[in-house]
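Here's a quick briefing to read with the model open beside you. Take it topic by topic and find each residue as you go.

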Amino acid sequence: MSLLIYFKEIILKFRSSDAHDKNVFDHYFFDLKYYLNKDASIKDLSNLLNISTQKLDQISIENYACSCELLINEYRYKQFLEELDSSINSNLSVESILKFSGFKDNIKFVDFIKSKQSINH
């Protein structure tokens with residue numbers, strides 16, 4: 001009988017709101033590359049997913065060890081580096097690649113890099 005209770009608890013946990021919210025977050029953020037949207041923000045994502053900003057930050061911190069805003073910029077930066085290395089983009093300006101990677105402009109990118117450097121030091 002205890003095995004039945006164990007599986008029931010697993011099913012309930014899987015069906016819980018937290019698991020569902022994380023799955024929805026992961027789908028939009030990673031599968032659909034939400035972070036490439038130049039208007040991407042925790043508030044915009046909150047409205048899109050109908051999940052509170054506090055819940056989004058909780059999901060991000062618990063699963064990815066950083067705030068949702070930082071996660072957005074980290075994945076934009078990762079995308080930027082991939083695009084910069086791609087031979088397809090060799091004729092594009094850095095500014096074009098930055099915008100393609102989701103950064104609104106050079107200033108937002110530089111601000112992110114400066115904050116990233118201050119965290120590392």
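Predicted model: local features only at pLDDT ≥ 70, side-chain atom pairs only at ≥ 80, totals over all residues.

Residues are numbered from 1 along each chain as its sequence is written, and side-chain values use heavy atoms, with hydrogens and water left out.

**The overall build**

- The protein has seven helices and zero strands; here helices (H or I, at least four residues) and strands (E, at least two) are DSSP runs, numbered from the N terminus.
- Read from the N terminus on, the elements go α-α-α-α-α-α-α.
- The protein has 121 residues, and 29% of them count as buried. Buried means under 20% relative accessible area, exposed means over 50%, and partly exposed is in between (1.4 Å probe, protein chains only).
- Take the contacts between residues at least 6 apart in sequence: 55% of them join residues at least 24 apart. A contact means heavy atoms within 4.5 Å.
- The accessible surface of the protein is about 8,300 Å², and 55% of that belongs to carbon and sulfur atoms. Accessible areas come from the Shrake-Rupley method with a 1.4 Å probe, and for residues only the protein chains shown count as cover.

**A look at helix 2**

- Helix 2 covers residues 17-31.
- With 15 residues at 1.5 Å a residue, helix 2 should span 21 Å, and its end C-alpha atoms are 20 Å apart, which agrees. The expected span is 1.5 Å times one less than the number of residues.
- Which residues of helix 2 are buried? They are Asp 21, Phe 25, Asp 26 and Phe 29.
- Looking down the axis of helix 2, you'd see its buried residues fall within an arc of 135°, so they line one face of the helix. That arc is the one made by the directions from the helix axis to the C-beta atoms.
- The cover over the buried residues of helix 2 includes helix 3 (42-49), helix 4 (53-64) and helix 5.

**Salt bridges**

- Side chains of opposite charge can pair when their charged atoms come close.
- How many salt bridges does the structure hold? There are four, where a salt bridge is a side-chain nitrogen of Lys or Arg within 4 Å of a carboxyl oxygen of Asp or Glu.
- One of them joins Asp 26 and Lys 22, with the closest N and O atoms 2.3 Å apart. Both residues sit in helix 2, four residues apart, or about one turn of the helix.
- In that pair, Asp 26 is buried at 15% relative accessible area, while Lys 22 is partly exposed at 23%.
- Another salt bridge links Glu 74 to Lys 116, and here the closest N and O atoms are 2.9 Å apart. Glu 74 lies in helix 5 (residues 68-85) and Lys 116 in helix 7 (residues 106-120), so the pair ties together parts that are 42 residues apart in sequence.
- Glu 74 is partly exposed at 24%, and Lys 116 is partly exposed at 22%.
- Glu 95 and Lys 99 also meet in a salt bridge (3.6 Å, N to O). These two are four residues apart in helix 6 (residues 94-100), which puts about one helical turn between them.
- Glu 95 is partly exposed, with a relative accessible area of 37%, and Lys 99 is partly exposed at 44%.

**Cysteines**

- A disulfide is a pair of cysteine sulfur atoms within 2.5 Å, and by this rule the count is zero.
- Cys 66 is in no disulfide, as the nearest cysteine sulfur, that of Cys 68, is 8.4 Å away.
- Cys 66 is buried at 13% relative accessible area, and Cys 68 is buried at 0%.

**Two loop residues with positive phi**

- Where does Lys 33 lie? You'll find Lys 33 in the loop between helix 2 and helix 3.
- Lys 33 has a phi near 50°, a positive value in a residue other than glycine, and is partly exposed at 36% relative accessible area.
- Ala 65 is in the loop between helix 4 and helix 5, and its phi is near 60°, again positive in a residue other than glycine.
- Is Ala 65 buried or exposed? Ala 65 is exposed, with a relative accessible area of 69%.
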